[in-house]
Amino acid sequence: MTSTSSADNILTKQQRIAKLAREAPNMAFKTLAHHIDIEWLQEAYRRTRKSGATGVDGQSAVEYAENLESNLQSLLDRAKSGTYRAPPVRRVHIPKGSGSETRPIGIPTFEDKVLQRAVSMVLHAVYEQDFLDCSYGFRPKRSAHQALDKLWTETTKAAGGWILEIDLRKFFDTLGHEHLRNILHQRVLDGVILRLIGKWLNAGIMEDGCITHPDAGSPQGGVISPILANIYLHEVLDKWFAEVVKPRLKGNAQLVRYADDAVLLFTNEEDARKVMQTLPKRMGKFGLTLHPEKTRLINFRRPDQFPPSNGGNSEGPGSFDLLGFTHFWIRARNQKWVIRRKTASDRFARALNRIVQWCREHRHDKVRLQRQMLHRKLIGHYQYYGIIGNSKGLDRFYQEVTATWRKWLSRRSQKAYFNWHRMTKLLKRHPLPLPLMPVRLPRQAANP
């Protein structure tokens, strides 16, 4: 059977699950694991990234593929019989924000990734029918740019408003296991699925040769973690805001959430302050904590809605960050106010620090190979941050990367100094891609 026909068969199964979930929104599924067969695992293997870091067993995707059929059959038998043992997750730390803090990332074994992918494929078929439109993270055919589009559109339509930035402190580390089980039981009662999820939650974390078993959390980086996080926050935040909070508000309000990054937009200040007072209690009920400094209320009304200046000391609109972009008001060429977005300073610094680290470690590689890697890194940066209004941020990043490359090429040896004249000649032979503005995001119309 070809991979195309196999993928079509899996899609058909997922559509059947989705149809049943859509027609019975209050039903809990007692049988789901029977959909996971050898063909389902083969498709899960195909969708699993092969270039990721190895887990605690050190087995790579290439090594696992040497006996793929027997490995998948063994995995299926162990998963269905209940004898599968989830190995500990290997923890590493990556820079967070400006680099002064780190974010813990969990790396499962490759086999664990395949099985987690198989289970997440089942869960997605069920919960995609339940998730609300305000949620954009780790969902099929949804992206961070769509979340930014939605926020820009709603904020522009409302001429700004009061923005409540929500920052959940160490969300993936504090996700409550018991709360998650109770939430899952509302839609999933299949013993095999629930048992596997329980094993992953209790598998433990290996760091510096020691294994710990936290009472809460789902390792960020695990294949199953994004769907579990969405299920959790769908119940804790999305449904609560849509069904309990919004009907009680005086003005309009919108929620935009991407995984654990969320903002609330209010047209009424009193509504915003009431929700801000209620939010900590709601999050605390499910074991979550709001960051006291990063969770804040911003007056983001359009500047012409503020009172006239009195001696030059009038209050003006603030700015806020979401998904790596700083949002702020600015006058367009026609002198009307529009919302612009630029690369957030901490994201810019983190991206540049990675370039610096890479150039330092690979300065002795062939120039041609260095140029190929820098080309890919720049294109990736442009593709995400290349939105209308952010051209200066892209130009600055290009200039900083070029200067960084020149600096570390100059340190290849005592005689390798690159002045800018020499660097210009090198860039003619090995050019780096210039920033190109895509036409992916909607046209930013000025306020009426």
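Contact is taken here to mean heavy atoms within 4.5 Å, and helices (H or I, at least four residues) and strands (E, at least two) are DSSP runs numbered from the N terminus. The model is a predicted one, in which local features need pLDDT of at least 70 and side-chain atom pairs count only at pLDDT 80 or more, whereas totals for chains, interfaces and linings use all residues. Residues are numbered from 1 along each chain as its sequence is written, and side-chain values use heavy atoms, with hydrogens and water left out.

Helix 2 (residues 38-47) packs on helix 4 (residues 68-81) at an angle of about 115°, the axes being 10 Å apart; such axes are lines fitted to C-alpha atoms, for helices over the stretch in contact, and the angles run from 0 to 180 degrees between N-to-C directions. From helix 2, Ile 38, Leu 41, Gln 42 and Tyr 45 meet Leu 68, Glu 69, Leu 72, Gln 73, Leu 75 and Leu 76 of helix 4. The crossing of these two helices is right-handed, a crossing being left-handed if the near helix is turned anticlockwise from the far one by less than a right angle, and right-handed if clockwise. Tyr 45 also belongs to one aromatic cluster with Tyr 64 and Phe 110.

The axes of helix 5 (residues 110-127) and helix 10 (residues 225-245) come within 10 Å and cross at roughly 30°, so that helix 5 is roughly parallel to helix 10 (angles under 35 degrees count as roughly parallel, over 145 as roughly antiparallel, 65 to 115 as roughly perpendicular and the rest as oblique). Ser 120, Leu 123, His 124 and Tyr 127 of helix 5 make this contact with Ile 227, Leu 228 and Ile 231 of helix 10, and the crossing is left-handed.

The structure holds 13 aromatic pairs, defined as rings of Phe, Tyr and Trp (its six-membered ring) with centres within 6.5 Å, planes under 30 degrees apart counting as stacked, over 60 as edge-to-face and the rest as tilted. In one of them, the ring centres of Phe 325 and Tyr 385 are 5.3 Å apart and the planes stand at 50°, so the pair is tilted. Because Phe 325 lies in strand 10 (residues 325-331) and Tyr 385 in helix 13 (residues 367-385), the pair ties together parts that are 60 residues apart in sequence. Phe 325 counts as buried at 0% relative accessibility, and Tyr 385 counts as buried at 8% (buried means under 20% relative accessible area, exposed over 50%, partly exposed in between, with a 1.4 Å probe and protein chains only).
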